[in-house]
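Welcome! Here is a short tour for anyone meeting this structure for the first time. Take a moment to look it over before reading on.

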Amino acid sequence: MKASIKAALVSALVFPGLGHLVLRRGARGLLFLVPTLLAGGYLLRATLALAGTLMDEVNSGRLPPDPFLVLERVHSSGIDNPVTNGAALVCIVCWIASVADALWLGRHR
């Protein structure tokens with residue numbers, strides 16, 4: 001398997017930037033890995049905080065365990081804000097760009 005295909009698959013299926021390690025371009029891979037880790041960490045923290053709040057509300061009886069009411073509560077929580085949307089965008093852009101860059105680097109080695 002060509003190095004560029006292998007690197008692109010690693011970046012696409014495992015984590016953005018890791019395919020660059022296959023190409024021995026670790027510093028360049030960090031340009032994709034670090035922002036994705038930071039944005040993903042922020043999204044995970046926000047999601048877990050909201051899940052904890054919702055579980056407390058369900059356990060205390062303030063929120064019935066009805067999926068539609070829980071979904072309504074999620075939408076009204078404010079989790080869908082410019083910061084979380086931006087973090088999600090960073091993850092998506094880094095993932096796609098990492099795959100494309102790994103393919104490009106592998107072909108121009």
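The notes below go from the overall fold to a few individual residues. Please keep in mind that this is a predicted model.

**Overall shape and surface**
- Along the principal axes, the C-alpha atoms fill a box of roughly 60 × 25 × 15 Å.
- Of the 109 residues in the protein, 27% are buried.
- The protein exposes about 7100 Å², and carbon and sulfur atoms supply 70% of that area.
- Taking contacts between residues at least 6 apart in sequence, 59% join residues at least 24 apart.

**A look at T84**
- T84 sits in helix α5, which covers residues 82-107.
- T84 counts as buried because its relative accessibility is 7%, under the 20% cut-off.
- A polar atom of the T84 side chain lies 2.5 Å from the backbone oxygen of I79.
- Leaving aside residues up to four places away in sequence, T84 touches Y42, L43, A46 and I79.

**The cysteines**
- The structure holds zero disulfides.
- The sulfur of C91 has its closest cysteine sulfur in C94, 7.3 Å away, which is too far for a bond, because a disulfide needs the two sulfur atoms within 2.5 Å.
- C91 is buried, with a relative accessible area of 14%, and C94 also counts as buried, at 10% relative accessibility.

Key:
Residues numbered from 1 in each chain as written. Predicted model: local features only at pLDDT ≥ 70, side-chain atom pairs only at ≥ 80, totals over all residues. Heavy atoms only, no water. Buried < 20%, exposed > 50% of the residue type's maximum accessible area, 1.4 Å probe, protein only. Helix = DSSP H or I, 4+ residues; strand = E, 2+ residues; numbered from the N terminus. Polar contact = N/O pair within 3.5 Å; in protein donor to acceptor, adjacent residues only side chain to side chain. Contact = heavy atoms within 4.5 Å. Areas by Shrake-Rupley, 256 points an atom, 1.4 Å probe, with all protein chains shown as cover.
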